[in-house]
Amino acid sequence: MLFGASYYHEYQPYERLDEDVRMMREAAFSYMRVGDSIWARCEPAEGQFDIDWMAPVLDALHGADIKVIFATPTYAIPPWLYRSHPEIMTRRADDQHTRYGGRQNMDFTHPAYLYYAERITRLLLDRYAPHPSVVGFQIDNETGTGMSHNANVVQRFVESLKAKNGTVERLNDVWGLNYWSHRLGCWEDLWAPGLAGNLNPGYDLEWRRFQALLTTEFLAWQTRIVKEYARPDQFVTQDVVGGHGRGDSDMYDIAQVVDVLAMNSQHATQDGLTLPADDASIPRLPHWTEVGVWALSFKSDMAWGTREANFLVTETNPISVGGSSWTFPAYDGQWRLAAYTYISRGANLIAYWHWHSLHYGHEIYSHGILNHDFGPNRCYRELSRIGHELQRHDAILTDLTPDADVAFLYSQDSKYALENQPCLLEPGNARPDARSYQRIFNAFFRAFFAARAQAAVVFPTQELESFPVLVAPALYAADDALLARLVRYAEGGGHLVLSFRGGYGDEFARARWE
Amino acid sequence: MLFGASYYHEYQPYERLDEDVRMMREAAFSYMRVGDSIWARCEPAEGQFDIDWMAPVLDALHGADIKVIFATPTYAIPPWLYRSHPEIMTRRADDQHTRYGGRQNMDFTHPAYLYYAERITRLLLDRYAPHPSVVGFQIDNETGTGMSHNANVVQRFVESLKAKNGTVERLNDVWGLNYWSHRLGCWEDLWAPGLAGNLNPGYDLEWRRFQALLTTEFLAWQTRIVKEYARPDQFVTQDVVGGHGRGDSDMYDIAQVVDVLAMNSQHATQDGLTLPADDASIPRLPHWTEVGVWALSFKSDMAWGTREANFLVTETNPISVGGSSWTFPAYDGQWRLAAYTYISRGANLIAYWHWHSLHYGHEIYSHGILNHDFGPNRCYRELSRIGHELQRHDAILTDLTPDADVAFLYSQDSKYALENQPCLLEPGNARPDARSYQRIFNAFFRAFFAARAQAAVVFPTQELESFPVLVAPALYAADDALLARLVRYAEGGGHLVLSFRGGYGDEFARARWE
Amino acid sequence: MLFGASYYHEYQPYERLDEDVRMMREAAFSYMRVGDSIWARCEPAEGQFDIDWMAPVLDALHGADIKVIFATPTYAIPPWLYRSHPEIMTRRADDQHTRYGGRQNMDFTHPAYLYYAERITRLLLDRYAPHPSVVGFQIDNETGTGMSHNANVVQRFVESLKAKNGTVERLNDVWGLNYWSHRLGCWEDLWAPGLAGNLNPGYDLEWRRFQALLTTEFLAWQTRIVKEYARPDQFVTQDVVGGHGRGDSDMYDIAQVVDVLAMNSQHATQDGLTLPADDASIPRLPHWTEVGVWALSFKSDMAWGTREANFLVTETNPISVGGSSWTFPAYDGQWRLAAYTYISRGANLIAYWHWHSLHYGHEIYSHGILNHDFGPNRCYRELSRIGHELQRHDAILTDLTPDADVAFLYSQDSKYALENQPCLLEPGNARPDARSYQRIFNAFFRAFFAARAQAAVVFPTQELESFPVLVAPALYAADDALLARLVRYAEGGGHLVLSFRGGYGDEFARARWE
């Protein structure tokens, strides 16, 4: 069991490595993640490298017996790369390139990006992979394409359609392109993807799948590079956005290309963790946020389900998560509640984002464990208590296998398809809710959780026949084979719970006619 | 009296023409509209034509004595046309061209579009106009420019200003261009239209009128072409958006260039049709939707009023209208309520959009009469009842003339002007409501309807002196001649009902000073 | 004490100069502002001048002993200038140039604009500055850059950063550019400003300051030109947006480059002026509007504070302010309430925007003193009463010095910084409120006002030690020197009232670590 945080020594406003490590050790922290945003620090100008500064950080952590996940720095590009190659910036559905000034703003399939990303990654791995503190590697960070419409991406998409379908007649058929006179005469007729223009659900579903595929392929490429440097005892992971995840990546597929899946799990706190939930007293939340103890379990069960194996929680709430207008530090005990919930559902690492509150940049008020004044505080003390408990009970808490009374079938395709054709309205207004799949799935999960049923999340390619109860909420987009399996499951005595829109569409997001 | 639906044989996922026609006949359907989206099906590549497939459709309908309106396919362009001529796509106020992937996305005044649209239209008319099933033609579909800012459109607009005004001094005067230093020194000084930049109400009113004029001219052009092929017993119609209509077309003007006006009338259902209205139980609706039985009458009276003649209802609610999050099938009896309301106000055709629910495309959940499974259902049975009733009572229900206790003066200019300078706030917030004219008009219409007064809608160029009561809600933009007529009307004993903002502006959207 | 309005003779739909002046005199108006939008009227084509028409206007006013502020016409450019130099239009954060059709749509730092603006300004000054009616000049109108991203502006910004910081290492340090790998290797690496891309708070704060600096520099440039023509007895003023002002200008700095500060103060009326405030009955207002009698005092105290001197109110509510959906004429007596409040807080001029309601243009329903029919009305009569009162009591009402029980420290930097990192949510939803500084400041001001405390507003560079109570709401961005002064103030016995976020950040919008 590892317990710790992300540590950004390079963000500290003054030198305090020894003091940081001392405070970590006192709180029984056993782990730190480093490196995920250091590209420009390590390569301040093209081809000029400065990476020695990381050695003392790793040495100091090692001296305190703190294990390290070394992250590749590829999700945040330096300004010189943007300046030399503006063509790599993500082109959005409106044909505008994303501006520099944030992060995850590039098309990571672009060869110019890949060239520079590989060079800095190999340099860092060559130097630091052998370090005795390093137990594993994180590739990139919460990766997703951001729905890249760059010309090279669109061209690859068209090629993938050719390879999959052979002729445009096949697309005319499965996408129903007689509708609105969209019938293709040749491949060149295919219009640009993206919701700026395209309104065809079948096309959109394929485009969404393709974006997720690009994400998986990029991470597989990084994994292969890292494996050239990793010792046999070092693992490779990627930290996905927990729960329903990003819309431009597929958690299940990503889990198959790494050794262990990590997830980042920001969650509601304070009255957002009462049980039973008291909705009226919950602070207003962005409407997309899952609120409640059930959500901690759901996210864990998603992560476990992808590989049916233990997983890591690389980022969860320290003092607060979010912006300056959104700071709800947990009540006493809620840090323990969350940590033990994750562990009970199979987590082998609990880590907070991040060690210290940043004094600059966009996330000044996404507070760390230490506040801006670096002094010990309530959060630090609460986490210290957890750290010491975990140290004491390491053996019995590691490698737990979560029980499951019921299984939930998760359908990424249905999530995509219901985002294109939402079946619910947003609460309180008349706009279609792009999160219809999520809301229906959550309602079922919450209900079983309230009934004290532990859950497994299964994915369509996995074995599901062994579960006594199988819940398939909003299973909108499913091929004949999957529906046949579900029929056989039910005929064989399985308890199959479906919802409205269940089995309504096929794998092309067509409504079924029989 | 015709009773039927739109029939998209080319959208069917498998061959079922005979079965469809059998079901139509059993339900006493006497009419189908075909052809409005078939361009790409008939011309899958430029100059390659494939139109024979329509013959068996018409033959089968004819065999069941089902009459056909043949629609020209011009509102939805094929992808090859977009690919060869991206310049024809509608240029919006922000100078971006509309993307391909929807429909009604082209500047229909562009010669490149007109060339190809005319060719496919003539080919289809030449072949199918003579078919014995065809009783009439629909030109295009719910036509409007979409506020085209293409260079050719803007240039024509400037030329029309020159022709109308002679000198820029005239515009400086009637648009008040000393304001904010906008005075023109020459025609080249005129800035681009559209709300992205222009804030002058007089300019905007003229620009809105011009867009509607383009729509009418396009439809007049199509009508002339169709007339070359039509038999004397065949009529030409256009299906406008019912009620207050589109903002880029003028229902009254369109009605003058066709033989008979058709309107599409999507309406609220379920508790949206109770009488008296129970607002609290009405499902949330897009705020622009007129809700209530009065709205069925209002839309009918608008359609009648344009020509003071019987009209067609080409598209109204089958199972449901709208997206997946918006499905409110009528209660039993409500289909009859709607149909007989339209008929009582002068409709000679009641048709549903559409025969079968589509399995692909953007409108999968704008359900047809048949659901996705094609089986008989409650809607089919209810409509079948209507069909048989109409068959039985055809003679007494056809060519009805609606009574009118009161007349409403409809002012398209006022609608435009109050969209530019709204006098109401949106319900529940502090934003100006671009639908101020509509809301004021509706409030008066609803009130008279609730008082059991039947209404005629009259337009400014029509005779209005014969009505005992004339209601002119929000008559904001009106020239001196119209105001003088109203004064004479009242002086002659007519009961004239005005509202606030009535008579406030002139035909240039200027506030009057005397 | 001057009392009057803005007079747009060039907007009148027919000749009525004598009648206007007669009505002004009858109501004891002693002042008119002219000229702020007349550029195109005076230069209808490039280099063609027509300015003689203004002479009879000034003569007539002079004949009635009405004093004139002559405004330079530079805030609204003629269409020919836009047509010849589209490059001068303001380039927004999204790289699009603002369209012509409104006003204040140009980059006023652009030499092409400056060339033409100077020429027309000098021509008008040369002719009319000597006129005996003219007591002062207004430069431009409610000036602000509109956040100009034109290339010349961005380039000047970078040069200013070089001058201020010397090396990029300094920026890497104070903006914390290791964060998200934004570290600069050279000046060319600096990415484009503006919230379209940049998420760095330190960068944003500097960019905001720079925009305000451009505004001040432009006004200083105009002042120097005007001074070449002004008699010693004529003053120069600029009318800023009152209260918290525009986000792209700094009221304090502007006040330092003119002889006297003027402010425009649109305020809520009707139940928005009850005391105590009855929030429930206040008409819905744009959420950014300060509502209540306290706001009249606050705006006055801001204006006074900038120079610790008397000020002018150049634009306040006649019949109504706002659009057609927003007309709330004051109750009887509320015009007096407002006027005497301003006077009691140091105003030496009360003027209404504007004399007559416009019949054209965007602001038809921002009614003047006269309505569209030009007849005497309730507003005219109420103002006439004020006019005569002021005439009678001129001596005792002019040059009043407002008392202050308490001082408020106003921090423009904090306003900017909290707009980037808002600490409040918008009322009723979960979006960060960009007006967090304003809301916190207002809450404190309102509370003291309710407790009958009169207030002074002071700015960081001013003397503040003499006040017994100093309130510094949301003083987020402040350098060490200012915090040290506050400490000394409190240690010296001053009553210092701070709020949350007070002293949290430094002058680079960094969170402090000690």
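This is a predicted model: local features need pLDDT of at least 70, side-chain atom pairs count only at pLDDT 80 or more; totals for chains, interfaces and linings use all residues.
Two strands are taken to pair if DSSP finds at least two bridges between them. Four strands of chain A form an open sheet, in the order β10-β9-β11-β12, and their pairing is parallel. The edges are held by β10 (455-458) and β12 (495-498) of chain A; each has a single partner strand, so one side of each is left without a neighbour in the sheet. From one strand to the next, the twist averages 25°.

Inside this sheet, strand β9 (residues 406-409) of chain A is joined to strand β11 (residues 469-472) of chain A by two bridges in the parallel sense. The bridge partner of A:Ala407 is A:Leu470 in β11(A). Two helices of chain A lie across the strands. Helix α15 (residues 436-450) of chain A lies across β9, β10, β11 and β12, and runs at about 180° to β9(A). Helix α16 (residues 480-491) of chain A lies across β9, β11 and β12, with a direction at about 135° to β12(A).

On one hand, β9(B) pairs with strand β10 (residues 455-458) of chain B over four bridges in the parallel sense, and B:Leu409 stands opposite B:Val458 in β10(B). On the other hand, β9(B) pairs with strand β11 (residues 469-472) of chain B, again in the parallel sense, over two bridges. There, B:Ala407 has B:Leu470 of β11(B) as its bridge partner.

Two single residues are worth a visit. A:Ser300 sits in helix α10 (residues 293-307) of chain A, and its relative accessibility of 0% is why it counts as buried, the cut-off being under 20%. The side chain of A:Ser300 reaches the backbone oxygen of A:Leu296 at 2.8 Å. Leaving aside residues up to four places away in sequence, A:Ser300 touches A:Met263, A:Phe311, A:Tyr342 and A:Arg345. A:Ala456 is 156 residues from A:Ser300 in sequence, yet the two C-alpha atoms are 9.4 Å apart in space.

B:Ala163 belongs to helix α6 (residues 151-165) of chain B. The relative accessibility of B:Ala163 is 69%, and therefore B:Ala163 counts as exposed, the cut-off being over 50%. B:Ala163 and B:Ser366 are separated by 203 residues in sequence and by 45 Å in space, C-alpha to C-alpha.

The arrangement of the chains comes next. Two copies of a chain are related by a rotation about an axis and a shift along it. Chain C can be laid on chain B by a turn of 120° and a shift of 0.0 Å along the axis, with an RMSD of 0.0 Å. This is the relation of a three-fold axis. Within chain C, the C-alpha nearest the axis belongs to C:Gln96 and lies 6.6 Å from it.

The contact between chain B and chain A takes 42 residues from chain B and 43 residues from chain A. About 3500 Å² is buried between chain B and chain A, and carbon and sulfur atoms give 54% of that area. On the chain B side, B:Arg99, B:Tyr360 and B:His362 lose the most area to chain A, together 19% of what that side buries.

Methods
Residues are numbered from 1 along each chain as its sequence is written. Chains are lettered from A and ligands numbered from 1 in the order in which they are written. Side-chain values use heavy atoms; hydrogens and water are left out. Axes are lines fitted to C-alpha atoms, for helices over the stretch in contact, and angles run from 0 to 180 degrees between N-to-C directions. Contact means heavy atoms within 4.5 Å. Copies are superposed by least squares on the C-alpha atoms of residues with pLDDT of at least 70 in both. Buried means under 20% relative accessible area, exposed over 50%, partly exposed in between (1.4 Å probe, protein chains only). A polar contact is a pair of N or O atoms within 3.5 Å; within protein, one must be able to donate a hydrogen and the other to accept it, and residues adjacent in sequence count only if both atoms are side-chain atoms. Buried area is the accessible area (1.4 Å probe) that two parts lose on being put together, summed over both.
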